[in-house]
Amino acid sequence: MTDKKKDTIIIFDTTLRDGEQSPGFTMNIKEKILFADQLVKLGVDVIEAGFPIASEGDFEAVKTIADRARGVQVAGLARANPKDIDTAWKAIKGAENPRIHTFISSSDIHIQLQFKKTREEVLKIAVDSVRQAKSYTKNVEFSPMDATRSDPAFLAEMVHAVIEAGAVTVNIPDTVGYAIPTDFNRLIRYLFEHVPNIRDAIISVHCHNDLGLAVANSLAAIEAGARQVECTVNGIGERAGNTAMEELVMAIRTRGDLFNLRTNINTKQIVPTSRLLTSITGVSVQPNKAIVGSNAFAHESGIHQDGLLKNAMTYEIMKPEDVGINKSTLVLGKHSGRHAVLDRLESLGYALQKEETERFFRLFKALADSKKEVFDEDLAVLVGESLFREEDERRYKVENVQISTGMFSPPMALVTIKDHVRGSAEMFEVAHGNGGVDAGVTAVKKITGTTAKIESFNLVAITGGSDAIAEVHVTVADEHEGRQIKAFGSAANIDVSIAGIHSFVDALNKLEYMKKAGQRSRELMSGGVNGNGKV
Ligand code: KIV
Ligand code: ZN
C-alpha cells in the first residue's frame with residue numbers, strides 16, 4: 001500500500017501567553033523557563049513565550065526563553081503598533097528563529113465599538129505593522145482578531161493585504177469561541193477560494209473553547225487546509241481556554257486514517273508536560289479530562305475490564321504508554337540512590353537546573369523518610385516545590401507549624417514565618433480555629449496582616465494509603481490598586497493541615513509576585529491599538 005506523504009501540522013504553543021494571561025495561571029520567570037524547556041522536549045514547533053510589552057517580567061521571561069531555547073521558534077506577541085513591535089523584537093531577537101506575532105481586529109464589532117476606527121484605518125495599521133515587523137525578521141505572523149465574527153469579504157481583503165506586506169503565517173482566531181465546526185470549515189475554505197496569494201502563507205487557527213468546540217473547530221479548519229494550530233497544554237487560556245494540545249495531537253494521530261497528517265510532538269511527553277503545568281500552577285485538570293485526566297485510561301465497568309484483559313483493543317483507542325503514562329516497575333523509597341531518583345526524573349521529562357536538582361533531592365529524601373513508596377505523581381509535586389530559590393523568590397517562608405487538636409479541646413496552631421521584606425525577621429502567632437487548617441491560616445493572617453481571602457480549598461490525595469501525600473490547592477483573592485487579583489497556591493505534605501497552611505502561604509507569595517509584576521497582559525489585550533498608554 002502506498003501512503004500519501006503526510007503533511008505536518010505546525011504546533012504553536014501559547015500556554016505561556018494566552019494560557020498564562022488567564023486568571024490564576026500566572027507563573028514566575030523560573031517557572032516559565034522550566035515549562036519552556038519542557039515544551040522543547042515535547043516537540044512543539046513554536047513557543048509563544050509571552051507578550052513582551054505587558055510588563056518588565058513578561059519581557060524578561062520572553063527574552064530568557066528566546067536566548068536559551070534551541071530547536072524551536074520563539075514568538076513574541078505585539079499589538080499592531082510600533083512600540084509593541086519594537087519591544088517584541090528586542091525580547092525575541094536572541095532566538096534561533098524569532099517570530100513576531102502581531103494582531104489587530106477585523107470584525108466591525110471590535111473596529112467600531114472598541115477601537116472607534118474605520119475598516120480602512122485598521123487595514124492600513126495591519127499592513128504597516130507587518131511591514132515594520134518584517135524589517136526585523138522574515139518570520140512574521142499576523143492575526144485578524146475576532147475573525148469569526150468579521151465580514152468574510154473584509155477578512156479576505158485583510159488576509160490578502162498582510163500576505164502581500166510579508167506575513168508568512170496568517171492566523172484566523174475564533175477569539176470569542178463563537179464558531180461551530182461546519183461554519184469554521186466553510187470560513188477557511190472561503191479564504192482559500194477568495195484570497196489569491198493565500199498559498200504564500202501558512203494558514204493557522206486559534207480557537208477558544210467558550211462553546212466547548214475549540215478542538216473540533218481546529219480539526220475542521222485543518223480539513224479545510226489550515227496547517228498551523230495554536231493550542232495550550234491542558235487547554236488553559238482566556239475564559240474557557242484554548243484548543244487543548246494533547247487532544248488535538250492525539251486526534252490527529254489516532255484518526256490517521258481520516259487525516260493523513262502528522263505533528264512533531266513526542267506524544268510520550270504529553271502527560272509529563274501536563275503534570276508539570278499542574279504542579280507549577282496548582283490547577284489540576286478534571287479527572288475525566290481527555291488524554292491527561294486521571295480517569296482517561298481507567299476502566300471501571302466489568303464488561304470493559306473483561307474485554308481489556310482479553311485484548312486492549314476492545315476498549316482502548318490509544319495506549320496509555322503512548323501519551324507517557326508509565327506503569328513504572330521501579331519503586332522509589334528512602335533507600336533509593338541519587339542516581340536512580342534523578343534517572344527517573346529525567347525519564348519523566350523533567351529538566352531541572354543544578355540548584356533546583358539539589359533542592360529536589362533534599363525534598364525527595366524528606367518525603368521518602370516519612371512515606372514508604374514514592375510514586376511518579378509525588379515526584380511531579382516535588383518538582384514544582386523545588387523551583388523556588390527560597391531566599392529571594394518568596395516573601396514569606398514558613399519556618400515552623402505546630403498544631404494541636406483533640407475531641408475535647410479547640411484546635412490550636414502555632415505558626416512561625418520569616419518575612420524577607422521585613423529583614424527576614426522570624427514572627428510567630430498562636431490562633432484557634434475550626435480545625436487545624438483554619439487555626440493555622442488565622443495565625444498566618446495575623447502575622448502577615450494580609451487581607452486576602454480563601455475562595456476555594458481542594459485536597460487531593462496524590463497516592464493511595466493512609467500515608468498518602470496530601471496535595472492542597474487553594475485559590476485566594478485580594479484587592480490591589482482598586483482591582484481584584486487572584487492567585488493559586490499549592491503545597492504537598494503528608495500532614496493535611498501542614499499542606500493547607502503551606503498552600504495558603506504559597507498563594508500569598510504569588511499575590512506578592514503579581515503585585516510586583518504590575519499590569520498584566522490581560523489588561524493590554526482589552527483595547528488600545530496604538531500603544532498610546534490607553535488600554
Ligand atoms: O484570541 C485571540 O484572538 C488571540 C490573538 C492575540 C491571536 O489570542
Ligand atoms: Zn486567544
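Q: Is Asp18 buried or exposed?
A: The model is a predicted one. A residue is called buried when its relative accessible area is under 20%. Asp18 has a relative accessible area of 3%, so Asp18 is buried.

Q: Which protein donors does the zinc ion (ligand 2) have?
A: Donors to this metal are N, O and S atoms within 2.8 Å. Here they are Asp18 (OD), His206 (NE2) and His208 (NE2), at 2.0 to 2.1 Å from the zinc ion. Along the chain, their spacing reads D-x187-H-x1-H. Asp18 belongs to helix H1 and His206 to strand E8, so this pair ties together parts that are 188 residues apart in sequence. His206 is also buried, with a relative accessible area of 5%.

Q: How many residues surround ligand 1, and which are the closest?
A: The shell holds 12 residues, and the closest are Arg17, Asp18, Thr175, His206 and His208. By class, 4 are nonpolar, 6 polar and 2 charged. H1 and strands E5, E6 and E7 each supply at least two residues of this shell.

Q: Where do side chains make polar contacts with oxygen atoms of ligand 1?
A: A side-chain N or O atom of Thr175 is 2.6 Å from a ligand oxygen. For Arg17 the distance is 2.9 Å, and for a polar side-chain atom of His206 it is 3.1 Å. The protein covers 97% of the 260 Å² of accessible area that ligand 1 has on its own.

Q: How many disulfides does the structure hold?
A: A disulfide is a covalent bond between the sulfur atoms of two cysteines. This structure holds 0 disulfides. Cys207 is buried, at 0% relative accessible area, and Cys231 is buried, also at 0%.

Terms used: Residues are numbered from 1 along each chain as its sequence is written. Chains are lettered from A and ligands numbered from 1 in the order in which they are written. This is a predicted model: local features need pLDDT of at least 70, side-chain atom pairs count only at pLDDT 80 or more; totals for chains, interfaces and linings use all residues. Side-chain values use heavy atoms; hydrogens and water are left out. A disulfide is a pair of cysteine sulfur atoms within 2.5 Å. Buried means under 20% relative accessible area, exposed over 50%, partly exposed in between (1.4 Å probe, protein chains only). Donors are N, O and S atoms within 2.8 Å of the metal (3.2 Å for Na, K and Ca); water is not among the atoms, so sites may look incomplete. Helices (H or I, at least four residues) and strands (E, at least two) are DSSP runs, numbered from the N terminus. A residue is near a molecule or strand if one of its heavy atoms lies within 4 Å of it. A polar contact is a pair of N or O atoms within 3.5 Å; within protein, one must be able to donate a hydrogen and the other to accept it, and residues adjacent in sequence count only if both atoms are side-chain atoms. Accessible areas come from the Shrake-Rupley method with a 1.4 Å probe; for residues, only the protein chains shown count as cover. Ala, Val, Leu, Ile, Met, Phe, Trp, Tyr, Cys and Pro count as nonpolar, Asp, Glu, Lys and Arg as charged, and the others, Gly among them, as polar.
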